[in-house]
Amino acid sequence: MGISRRKFLGWFGGLSATAATAASTAIAGGGNHHFKGHPDTMGVLHDINKCIGCRKCEEACNTVNELPKPEKTFDDLTVLDQKRRTSADVYTVVNKFNDSNNKNVHVKKQCNHCMEPACASACFVKAFKKMPNGSVVYDESVCVGCRYCMVACPFNIPAYEYDNAFSPKVTKCTLCYPRLEKGLLPGCVEICPKEALIFGNRKELIKIARDRINKHPDQYIDHIYGEHEMGGTSWLYISGTSFSEIGMREDLGETSAPELTAGPLSAVPIVVGLWPVLLTGVYAISKRKDKIAEEEKEEAVQANQDAADEEMKKQIAQVRKNAEKDKEKAIKREVKKALEEAAKEAEEKAAKEAEEKAGKEAPEKKEGE
Amino acid sequence: MPFGKSDQGKCKSCHNVKLADAKHFPIKQEDQASLANSVISSRKMPALEYDQKDVPEKVIIDVMKKEYEAAELPHRKIVDTLMARLNKDTLGKYFHKDKYTMCQGCHHNSPMSAAPPKCATCHSLAPKKATDGRPGLKGAYHGQCIGCHDKMGIKKPAATACAECHKKKS
């Protein structure tokens, strides 16, 4: 096999980490117990067929919450000619739409007090809280003004006090939580002359809405908006006009926002906890591998060096030996030469002596002749 | 009248020819039509009318006065308008021929009589949580008048013209 043990272990570790992360994501996503709401959770049923667009609800909300009075008074119905949204001191608005028969349809818009609110889920300082009576209330004392709640809300409800420089708040309908605590009805519900808004136990309201639709099937669309949208909302709507024609999103699905994000979010602790350890391990292993390779390389270089030294020594010895031999040879040669010369000299000398001797004899002869 | 809840027995009041007698009807289509026409025209439906003393001219509704004064209902005018519409139509006349049937349009869910109960008898005055589909008194008043005006396409008084039905308290 081509793969080394180290590589195999590295791959195996990486794979198991990914699998563990994915498994925990799935568990967290599926294991979310579907919260069906507190038993006494209240709600408001808005019968859109009954709304006449008188804006008394807006006026009551403004009074009850002691909000600043707007520029145009609440009995000015020309504001309905433009679509409005909630804003810093406007917790609720009524908008006018034209249905397919060119008839006016009016719809009240405000925080829907979801069963599992996206704003509460997105808020990392727990400024939003779903109360047992159904209201989603906001605590301005912990709010940091990040406005993640505005991003998260699928209905685009929370508004912000952009004009307030030092302590801006997020603003939205409170379902008149203080009034509910006193046993009163929400301001808008109490004032509506047509009872287009009724307040009660959410389960009861669903029954009432279902009943009304069944009694007048030609007057209502067979759907209670808010029963399941985004996991269910406390504010329920029934209408004779299709909801998408009156500015209400029908593409939201039935999963609540916290349920949608629970899976990936639950993976964060395991990623933060496990991956650094794992990746450090892999890094350490590969670093060690490099170190060992480095050491081995050095060793090899050293061995090579030693071998070269040895070789060099051998060669030097050899050269020395050769030099010795040469020297000896030379000496021998010189000696031989010297001997030869000496012999030659001796010979010459002997010859010379003989010559001399002969010479000496010769002249004597000459004389003697 | 609740949708789909009409009494089938009432149909027989007009469609009252017994099957046995039908055998003697003419065979040709146009002969049958002329026979039917003559039967219908011979049915004299008298115009609906009422006793002046039964129908008050004005009704003052002052049970709940908060931001507005008492409402003065032009009661007889409403009854007259409705009767005029009914009298234009034979079926209308026929189905409302009983004395207090037309009154049941507004004075509903109680036996027909010349002295129907007050709205407050069944619709509670105090604002309360909804436990069934029954509106409170304020919702009942506004719902009944405005609802019918809406269905009949009556433009004046407009539903949002609050002061036209009851003056604003200064």
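The model is predicted: local features need pLDDT of at least 70 and side-chain atom pairs count only at pLDDT 80 or more, while totals for chains, interfaces and linings use all residues. Residues are numbered from 1 along each chain as its sequence is written, chains are lettered from A and ligands numbered from 1 in the order in which they are written, and side-chain values use heavy atoms, leaving out hydrogens and water. Helices (H or I, at least four residues) and strands (E, at least two) are DSSP runs, numbered from the N terminus.

**Helix α7 of chain A**

- Which residues of α7(A) are buried? They are A:Arg202, A:Leu205, A:Ile206, A:Ile208, A:Ala209, A:Arg212 and A:Ile213, where buried means under 20% relative accessible area, exposed over 50% and partly exposed in between (1.4 Å probe, protein chains only).
- Seen down the axis, the buried residues of α7(A) fall within an arc of 165°, so they line one face of the helix; the arc is that of the directions from the helix axis to the C-beta atoms.
- Turned away from that buried side, the other face carries the exposed residues A:Lys203, A:Lys207, A:Asn214 and A:Lys215.
- The packing partners of the buried residues of α7(A) are β1 (42-47), β8 (197-201) and β9 (235-238) of chain A.
- At the start of α7(A), the backbone nitrogen of A:Lys203 has a side-chain oxygen of A:Asn201 within 3.0 Å.

**Aromatic rings and charges**

- Over all chains, the structure holds seven aromatic pairs. Rings of Phe, Tyr and Trp (its six-membered ring) pair if their centres lie within 6.5 Å; planes under 30 degrees apart count as stacked, over 60 as edge-to-face and the rest as tilted.
- A:Tyr160 and A:Tyr162 make an edge-to-face pair, at 5.2 Å centre to centre with 70° between the planes. A:Tyr160 counts as buried at 12% relative accessibility, whereas A:Tyr162 is exposed at 55%.
- In chain B, the ring centres of B:Tyr94 and B:Phe95 are 5.3 Å apart and their planes are at 80°, so this pair is edge-to-face. B:Tyr94 is buried at 13%, while B:Phe95 is partly exposed at 41%.
- One aromatic cluster is formed by A:Tyr225, A:Tyr237 and A:Phe243.
- A:Arg147 lies over the face of A:Tyr160, at 5.2 Å from the ring centre, and A:Lys83 lies over the face of A:Phe97, at 4.8 Å. A charge sits over a ring if NZ of Lys or CZ of Arg is within 6 Å of the ring centre and within 35 degrees of the ring normal.

**Loops and backbone geometry**

- A:Glu161 sits in the loop between β6 (159-160) and β7 (170-171) of chain A and is buried, at 12% relative accessible area. Neighbours within four places in sequence aside, A:Glu161 is in contact (heavy atoms within 4.5 Å) with residues including A:Ala88, A:Asp89 and A:Lys169.
- Most residues other than glycine have a negative phi, and most peptide bonds are trans.
- A:Cys176, in the loop between β7 and α5 (177-181) of chain A, has a positive phi near 50° and is buried at 10%.
- A:Glu195 also has a positive phi, about 50°, and lies in the loop between α6 (187-191) and β8 of chain A.
- Where does the cis bond between B:Lys156 and B:Pro157 come in? Its omega is about 5°, and B:Pro157 is in the loop between α5 (137-152) and α6 (162-165) of chain B.

Note on methods. A polar contact is a pair of N or O atoms within 3.5 Å; within protein, one must be able to donate a hydrogen and the other to accept it, and residues adjacent in sequence count only if both atoms are side-chain atoms.
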